[in-house]
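The tour moves from the whole chain to one helix, then to the core and a few single residues.

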Amino acid sequence: MDCIFCEIIKGNIPSTKVYEDEFVTAFNDLNPQMPVHVLIVPKKHIASANDIAEEDAELVGRVFLAAQKIAEKLGLENGYRIINNCGEDAGQTVKHLHFHMLGGKTMGERII
Ligand code: AMP
Ligand code: ZN
């Protein structure tokens with residue numbers, strides 16, 4: 001299997017890690033869209049949000065618990081936005097479940 005995020009998790013491809021625990025890892029996006037743009041990635045390979053199984057329910061919760069810790073570490077006390085792109089219409093390019101954590105300035109434009 002050829003998955004860039006699995007390779008990052010294994011340490012075979014370099015990344016700027018900002019957080020890691022037993023379940024998830026988080027690193028800076030290569031192409032940041034905000035002052036803070038972190039990708040929170042479950043260590044288990046799950047192709048997309050649409051492929052989350054019943055047994056992964058707790059793991060998804062772990063992503064948001066990690067987000068709280070990252071927010072504290074990176075000084076996002078004013079808030080942040082978490083986005084998941086699922087599938088082609090949403091523009092998902094990496095087929096390993098990940099959550100964009102964006103912050104560091106006030107977000108004006110709203111999609112939803
Ligand atoms: P998505 O469009 O939701 O699949 O987002 C994939 C994200 O992964 C994009 O924002 C890319 O900039 C980012 N990305 C791709 N390769 C790397 C990498 N090697 N290290 C960090 N971020 C990456
Ligand atoms: Zn993977």
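**The whole chain**

Read from the N terminus, the order of elements is α-β-β-β-α-β-β, where helices (H or I, at least four residues) and strands (E, at least two) are DSSP runs numbered from the N terminus. The radius of gyration is 14 Å, close to the 13 Å that the globule rule gives for 112 residues, so the chain is as compact as a globular protein of that length; the radius is taken over C-alpha atoms, and the rule is 2.2 Å times the number of residues to the power 0.38. This is a predicted model, in which local features need pLDDT of at least 70 and side-chain atom pairs count only at pLDDT 80 or more, whereas totals for chains, interfaces and linings use all residues. Residues are numbered from 1 along each chain as its sequence is written, chains are lettered from A and ligands numbered from 1 in the order in which they are written, and side-chain values use heavy atoms, with hydrogens and water left out.

Displayed along the principal axes, the C-alpha atoms fill a box of roughly 40 × 30 × 25 Å. Among contacts (heavy atoms within 4.5 Å) with a separation of 6 or more, 53% are between residues 24 or more positions apart.

**Helix α2**

Select residues 57-74 next, which make up helix α2. At 1.5 Å a residue, its 18 residues should span 26 Å, and the end C-alpha atoms are 26 Å apart, which agrees; the expected span is 1.5 Å times one less than the number of residues. Now show the side chains of L59, V60, V63, A66, A67, I70 and A71, the buried residues of this helix. Looking down the axis of α2, you will find them within an arc of 145°, so they line one face of the helix; the arc is that of the directions from the helix axis to the C-beta atoms.

Just after α2, G75 takes a positive phi of about 75°. In the loop between β3 and α2, select D56, which counts as buried at 3% relative accessibility. Leaving out residues up to four places away in sequence, D56 touches K44, I46 and D51.

**The nonpolar core**

Which residues touch the most other members of the largest nonpolar core? Of its 18 residues, these are Y19, A26, V38, I40, I70 and M101, a nonpolar core being a set of buried Ala, Val, Leu, Ile, Met, Phe, Trp, Tyr and Cys residues joined through side-chain atoms within 4.5 Å. At least two residues of this core come from each of β1, β2, β3, α2 and β5, and α2 supplies the largest share, six residues. Apart from this core lies another, of nine residues, among them F27, L39, V41 and V94.

Centre the view on A67, which counts as buried at 0% relative accessibility. Beyond its neighbours within four places in sequence, A67 is in contact with I40, Y80, I82 and M101.

**Strand β5**

Finish at H100 in strand β5, which counts as buried at 13% relative accessibility. A polar contact of 2.8 Å joins its side chain to that of H37. With neighbours within four places in sequence set aside, the contacts of H100 are D29, H37, V38, L39, R81, I82, I83 and N85.

Definitions and conventions
Buried < 20%, exposed > 50% of the residue type's maximum accessible area, 1.4 Å probe, protein only. Polar contact = N/O pair within 3.5 Å; in protein donor to acceptor, adjacent residues only side chain to side chain.
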